[in-house]
Amino acid sequence: MKIVENNSLMIQLQIDQMKQLRAEYDKKEVKYCTFSKDPSQPIPGMTLQDSVNLDALNKYMKHLNDKFEEMKQTMLIKYIPAQRMADLDEEMIVLLKRRDVAEDLNKKLQFRLNELISIGEYEKAASFAANSPRKILQNIGTMNKFKAAGKIRGKPLPLLSFFEAIFSTSHAFRCPINADLTLEGIKCGLSEKRLDLVINWVTQEKLTFSDKAGDVICAYGEQDTYNKAKCLALAQIIYSECDQHKKAFLCLCKQGQIQGAMEYIQQFKDFTSDDLMQLITACPQIELIQSLTQERNGKPPYLSFGLTVLHLFSTDMKKVGIELFQELNKGGKDAVEHLVMNDSFCSLEKWQEVANICLQNGFEKISNNILSILRSQSGVAEFEDDTINLMEHVFW
């Protein structure tokens, strides 16, 4: 009886606590409730006056709609139907089976390739790799196996056979040979002095080019001067494909295609004056400099003649500058005047430097013409009679 009484007392205490908590809860204002079990009861959180006010009811309805949309979004994000889970499990099983099949196929293909290489059937191994499903054997790892074979007396280089095989079949695949293999293939072809193969690969096959591939071909052209023009043309194709416009422009200039180079500038229009100065330094051709410093179809020149001359003499390219003066000297004062009057980038002080350089290098006539043209302009007043010093003139 005592135990029962104690248990009853504890239960009564719990009941009293719950009553107290409920009383405290009822005293608090409940703003909104998402649902009501008994629609006939007053809406929790609303006064009797609000419950008959249309605006207040509309506001409460909007709150309920927002809450409903929030719950729908939560259900879409955090939960998925049980049937969808079953479908996903089935898809996962299918994908895992495909992965296992692909791994088994890869192992079989690797074994077959290694077997062909081990018995010295390099050409068959190369063809096998080129025609492997989904190009699974066309990678750097396979390439290294052919490279490790080295040179075999009386037979084609195994590595070259590999690249010939994969490049010749590249047009049959949607995805081209990647940039790394393309670069290694070009290096291999050039190392074997097979420029004919490289030309065919670059112009006919489906490859992925990089500026490094263009650099390799340019370097080969510097060594093989007989084929230098061909190498420059190939490198230009690669640079253009890679959007390396400065290098493509330089290839055109080195080929002597100055008109083509000027059209290239007009086509892309992203060459700055600093870019063009660097290109002149890399390819100091008189025809190129003249084309860049002369008007073209009524448009201003790309470069200032005066600033270009100063650049040439400041970068140990005096010989080119003298050749430029020699060509200018043939045109007489009219040619000098045309350059000076249409050069809006070269200041009075810079033109004086140009005139001094002309005088120092034996082109006194050009120097005098420049000074005479500058003095003849309106607003130029000479301060010294005995010594011409244009630094003390006021130009416009």
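The structure holds 9 salt bridges. It is a predicted model, and the values below are computed from its atoms.

| Lys247 and Asp215 | 3.2 Å | Lys247 28%, Asp215 32% |

The side chains of Lys247 and Asp215 meet in a salt bridge of 3.2 Å. This pair links distant parts of the chain, with Lys247 in helix 12 (residues 245–254) and Asp215 in helix 10 (residues 211–223), 32 residues apart. Lys247 counts as partly exposed because its relative accessibility, 28%, falls between the cut-offs of 20% and 50%.

An α-helix has 3.6 residues a turn, so residues three or four places apart point the same way. Elsewhere, salt bridges that share partners join Asp211, Asp215 and Lys247 into one network.

### The chain as a whole

The protein chain has 20 helices and 0 strands. Of its 396 residues, 33% count as buried. The chain exposes about 25800 Å², and carbon and sulfur atoms supply 53% of that area. Among contacts between residues at least 6 apart in sequence, 57% join residues at least 24 apart.

### The nonpolar core

In soluble globular proteins, nonpolar side chains tend to be buried together. In this model, the largest nonpolar core has 90 residues. The residues with the most contacts inside it are Phe162, Phe163, Val198, Ile217, Phe249 and Ile370. Helix 7 (residues 158–168) gives the most to this core, with 7 residues.

Which residues does Ile217 touch, leaving aside its neighbours within four places in sequence? Ile217 is in contact with Ile186, Leu190, Val198, Val202, Cys231, Leu234, Ala235 and Ile238. One of these partners, Val198, is itself listed among the core residues with the most contacts.

### An enclosed helix

Helix 16 (residues 305–314) is largely enclosed by the rest of the structure, because 8 of its 10 residues are buried. The buried residues are Phe305, Gly306, Thr308, Val309, Leu310, His311, Leu312 and Phe313. They pack against helix 14, helix 15 (286–293), helix 17 (318–330), helix 18 (332–341) and helix 19.

### The largest pocket

About 220 Å³ of space lies in the largest pocket. Its lining is made by Ile265, Gln266, Lys269, Asp270, Phe271, Thr272, Ser273, Leu276, Arg296, Asn297, Lys299 and Tyr302. The elements that give two or more residues to this lining are helix 13 (258–268) and helix 14 (273–282). Helix 14 is also one of the helices that the buried residues of helix 16 pack against.

### Two loop residues

Is Ser210 buried or exposed? Ser210 lies in the loop between helix 9 (195–204) and helix 10. With a relative accessibility of 17%, Ser210 counts as buried, because the cut-off is under 20%. Leaving aside its neighbours within four places in sequence, Ser210 is in contact with Ile238 and Cys242. Ile238 is also one of the contacts of Ile217.

Glu121 is found in the loop between helix 4 (82–118) and helix 5 (122–130). Glu121 is partly exposed, with a relative accessible area of 31%. The C-alpha atoms of Glu121 and Pro158 are separated by 9.2 Å, although these residues are 37 residues apart along the chain.

Note on methods:
Residues numbered from 1 in each chain as written. Predicted model: local features only at pLDDT ≥ 70, side-chain atom pairs only at ≥ 80, totals over all residues. Heavy atoms only, no water. Helix = DSSP H or I, 4+ residues; strand = E, 2+ residues; numbered from the N terminus. Buried < 20%, exposed > 50% of the residue type's maximum accessible area, 1.4 Å probe, protein only. Contact = heavy atoms within 4.5 Å. Areas by Shrake-Rupley, 256 points an atom, 1.4 Å probe, with all protein chains shown as cover. Core = buried A, V, L, I, M, F, W, Y, C linked by side-chain atoms within 4.5 Å. Salt bridge = Lys/Arg side-chain N within 4 Å of Asp/Glu carboxyl O. 1 Å grid on protein atoms, 1.4 Å probe; cavity = no way out; pocket = protein on both sides within 12 Å on 5 of 7 lines; lining within 4 Å. Points joined across faces, edges and corners; volume = space filled by probe spheres on them.
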